[in-house]
Amino acid sequence: MTGNVQAGVASLLRNKIFTRIYTAYTAATFGDWFDMLAIQVLVGYRWEAGPLMLALIPVTNALPSVLLGSLAGVVADRINQLKLMRLCDLLTAALTLLILLAPNMLWLLPVLTLRATLSTFMIPAQQALTRSIVREDQLFQATSLNGFVNQGSKIAGPLLGGFALALLTPEWCILLNACFRLSSLLILLTIKKAEVEFKKVGLNLASSSSSPETAVDTSLRTMWIEGLSFILKTRLLLVTLLFGFVATTAIQMIDFQFTSLFREIAPLKEAYLSWMVAAAGIGAVLVIAVLNRWNRGAAGYAWKFGAGYGLIGIAVGGLGLLPAGSAAVPILLLGFGLGVGNGLVVVTFNYCLQKETPSAMVGRVFGIQTSLLGAVMFVAPLFGGLLVERIGPGTTFVYLGGVIGALGLLVLALGKDCGGRKRRPLCETK
């Protein structure tokens, strides 16, 4: 089995189009982590923003997803995904440079909103393009490699970002993100339209899939309704999205409150936040590597989601229980567990959506998912900020960690009797 998986990864990396898209994604993702850490330090430590002001950052990032996520998914299914990704990279680099000119939150938030709008269109375009140029049996490897980069950047990003912040300023990290985005654009410019079309035609012939021309003559509204109807009729996708909705609500309530928590448990150790994120990245990378090596396709959705949510809940609750002046070791261990759980959930979630969705509908499904989770990110951080101000960050983390952990137990219970006559929603599909 191991040899087959390794051969699959090697075969996937011989796909020159995927390799360049993957490389561009790597550059953009690493840049985002430099940027994210710099903005948190700038707002949380330099501008000394309170919990509610910190909560406004993910809210502004989520607003475009709420308003435009479904539209972005339909657009990604209809137009040239490669051109859309190039345009998003170019404009994202320009807006990132504008952040350098922001003197306060009133200037920063609108720029972040505009930049998040581009990401709203970028994500479904990338997912749809990947789905159309990668063979069915290589989807898990493709998803794992993307997840590997996303989580791996949590190791290098915070460490390199922390090193840059120690020597320079947050502005340099933001400038680095702009450079990474331009690098992503240059890589995408090396991909020719004819290459992509040739690869799509070859895969369509191999899988006897239907021609995409039909979708071109369909209205945006009809395509969106078709995507929503497909999700509602596909029990596995529906349940996966519902559990993701609940878990993301709890996670997003405290995602940007780590700065508030660490100002209490490690007030004199600003670097601990970066170290914790790096430890989470190590945990996620390791579990993604294991999944990529021994995964058996769609099998095990239930235990992967259950174990992932359980570990996230334990880690979040554990961080909330740490006393002021805590040492680095428990913080790093809990961060590692957080990363392992996050890696399990992220890879399984994205793979499930891609695997269980027809190629011509991937953009719409991911667009609807972006809108759904965007709505969570629009509301949850505000409630989280209010909760932190009312009962404190430690207690908030404990309560929400308990909610996420309980969700993991519920997922395991639903998938417990997959071998019985009645199949549970999160049982393996084949």
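Tutor: pLDDT is the predictor's confidence in each residue, on a scale from 0 to 100. The term applies here because this is a predicted model.

Student: Where in the protein is confidence lowest, and where is it highest?

Tutor: The mean pLDDT of the protein is 77, with 77% of its residues at 70 or more. Helix α9 (residues 213-216) has the lowest confidence, a mean of 41, whereas helix α4 (residues 81-99) has the highest, at 92. Over residues 208-217 the pLDDT is below 50, and this stretch has five contacts in the model beyond near neighbours in sequence.

Student: How is the packing of two helices described, and at what angle do α11 and α15 pack?

Tutor: Two packed helices are described by the angle between their axes and the distance between the axes. Helix α11 (residues 235-254) packs with helix α15 (residues 328-355) at about 150°, and their axes are 10 Å apart. Angles over 145 degrees count as roughly antiparallel, so α11 and α15 are roughly antiparallel to each other. The crossing in which α11 passes α15 is left-handed.

Student: At what angle do the axes of α14 and α17 cross?

Tutor: Helix α14 (residues 301-321) and helix α17 (residues 393-414) cross at roughly 165°, their axes coming within 7 Å. These two helices are therefore roughly antiparallel to each other, and their crossing is left-handed.

Student: Which residues have the most contacts inside the largest nonpolar core?

Tutor: A nonpolar core joins buried nonpolar residues through side-chain atoms within 4.5 Å. The largest one has 93 residues, and F258 and Y309 have the most contacts inside it. Helix α5 (residues 105-133) gives the most to this core, with 11 residues. Apart from it lies another core of six residues, including V287 and L344. Not counting residues up to four places away in sequence, Y309 touches several residues, among them F243, G244, V345, I404 and V411.

Terms used
Residues are numbered from 1 along each chain as its sequence is written. This is a predicted model: local features need pLDDT of at least 70, side-chain atom pairs count only at pLDDT 80 or more; totals for chains, interfaces and linings use all residues. Side-chain values use heavy atoms; hydrogens and water are left out. Helices (H or I, at least four residues) and strands (E, at least two) are DSSP runs, numbered from the N terminus. Contact means heavy atoms within 4.5 Å. Buried means under 20% relative accessible area, exposed over 50%, partly exposed in between (1.4 Å probe, protein chains only). Axes are lines fitted to C-alpha atoms, for helices over the stretch in contact, and angles run from 0 to 180 degrees between N-to-C directions. Angles under 35 degrees count as roughly parallel, over 145 as roughly antiparallel, 65 to 115 as roughly perpendicular and the rest as oblique. A crossing is left-handed if the near helix is turned anticlockwise from the far one by less than a right angle, and right-handed if clockwise.
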